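Reader: I would like to go through the labels used for this model, one at a time. Please give the value behind each label and the cut-off it is set against.

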Amino acid sequence: TVHLLGIHGHAMTGPMFEKKIGSIRSEVKKMNCAFHFPTGPIDSPPDWFAGPTATATTPTTATPTPVVVEASEAAISDSPTSPPAENLASADGDLPTTTTPTTISPPKSWMDFWTARKAEAERADNNNSSASVVNVSDPKSIFPYIGVPDSLRLLASYTKDFGEGESSTSPAPLLDGHFAFSQGTCISVIWLAIAMRQLRLEVEAVLAGGEGMGADKASTTAPEEVVAEEDLPLESWRLPQHMLLLKQPIITTTTTAAAVKPFLFVMGSGLVPRDDMFGEFVKSEALQYGKLLQHLKELNNNTNTIVSSGTSSFALRPIVSLHCFGSTDDLIKPVMSQGLIDLFRTIDMGGGAVDGGVGGSGSGAAEPSTPSNYDTSPVAGAQAVSVWSHDGGHVMPAPFRKPFKQFIQSVAAHF
């Protein structure tokens, strides 16, 4: 069975997301593909959860401050006349019926991106500055994130139920990938970056005979709980063993690359985190991890990424991704989704996908390449990075079920 973690967007819940992608899930129902839907821990501001457009205002005061904010993912539509509910595929494959915020509350998020922006807008307003308006559709707009440690702890608690999967009868982790939408893709790649860093340090220590390589000699022993605080540098954030899902223990010495399960990412309307600190961290770790994977392949005659460490061995699971975005998405612009696509290409191509980094976040970001399918996969039968675009907006439309099914079929032999 392929187990996927369904990670909802801003101002949604796990059950909402589960319902909205019903027709997409039904396409792989008979293929032993199981979904699990946690709900984010961050309360979404109810006064910003009030309509089908991507514009809202702060509460009315004596001197109201207009602030354009990222709208509820559950209230986004393709046009003012579209239903205010999220236009993801519904259970029967049609657009969902019109709903109101009261039917889908309480909305939750994975990070608070509005508090710092609201304070900034209010300061600008006091100075009679036009900067009180924040253009969320501008790929260069920055949104400082608050609450990411809480989201990582929730995911740690949720995924702990899957177990570490280190027994002889279950040699691989039971969680096999993320199926994320919009803001959910941000927490997904933040988790990915932290996991990649930890595993990179562990592998470097093994290759160096037990000593970490370079100036960073962080401990390679995973903590029992998430180590992450807002005031700690991201380089010191660490995940417990059961969250290091890119690592597959090797039970027998005859294990080949074909026996190593890939880790899957399905990203809808995805983007690189729009917080400068997280965005740069994610891009840096993708670059370094990609180089490490290439180095391991060279050491293993380009056959696998298995690391031998004394009496125990493990493999770094190959990363395979499928990306879906709308060419007319006014909230997450296609260039932003392309930035995330290039980030995964960077991992796959050993850091060589984009000269100088990947685009999609922050000022001065490099222009990402045009999406296409890249046939450089470390997994037999599957492309490392696949892209499916549509003519719609901020949605994962029902027709996406076909490429999603093909994606699962391409990796099914490894599970």
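Author: In this predicted model, one aromatic cluster is formed by F17, F35, F37, F179, W388, F400 and F404.

Reader: Why is the pair of F35 and F404 called tilted?

Author: The ring centres of F35 and F404 are 6.1 Å apart, and rings pair if their centres lie within 6.5 Å. The planes of F35 and F404 make an angle of 50°. Stacked needs under 30 degrees and edge-to-face over 60, with the rest counted as tilted, so the F35 and F404 pair is tilted. F35 belongs to strand β2 and F404 to helix α8, 369 residues apart. Both F35 and F404 are buried.

Reader: What makes W191 and F265 an aromatic pair, and what does the pair tie together?

Author: Their centres lie 6.3 Å apart, which is set against the limit of 6.5 Å. W191 lies in helix α5 (residues 183–207) and F265 in strand β7, so parts 74 residues apart in sequence are tied together. Both W191 and F265 are buried. A search of the whole structure gives 16 aromatic pairs.

Reader: How do you know that the charged end of K247 sits over the ring of F314?

Author: The charged end of K247 is 4.6 Å from the centre of the F314 ring. The distance limit is 6 Å, and the charge must also be within 35 degrees of the ring normal. K247 is listed as sitting over the F314 ring.

Reader: Why are β2 and β11 called edge strands?

Author: The open sheet of six strands has the order β2-β1-β5-β7-β10-β11, with parallel pairing. β2 (33–36) and β11 (385–390) each have a single partner strand, so one side of each has no neighbour in the sheet. The twist averages 15° from one strand to the next.

Reader: What makes β10 and β11 a pair?

Author: Strand β10 (residues 319–326) is joined to β11 by six bridges. At least two bridges are needed for strands to pair, so β10 and β11 pair. S321 has V385 in β11 as its bridge partner.

Reader: Why are C186 and C324 called buried?

Author: C186 has a relative accessible area of 2%, and C324 is at 1%. Buried means under 20%, so both values qualify. A search of the whole structure finds zero disulfides.

Definitions and conventions: Residues numbered from 1 in each chain as written. Predicted model: local features only at pLDDT ≥ 70, side-chain atom pairs only at ≥ 80, totals over all residues. Heavy atoms only, no water. Helix = DSSP H or I, 4+ residues; strand = E, 2+ residues; numbered from the N terminus. Axes fitted to C-alpha atoms, helices over the stretch in contact; angles between N-to-C directions. Disulfide = S-S within 2.5 Å. Buried < 20%, exposed > 50% of the residue type's maximum accessible area, 1.4 Å probe, protein only. Phe/Tyr/Trp six-rings, centres within 6.5 Å; stacked < 30°, edge-to-face > 60°.
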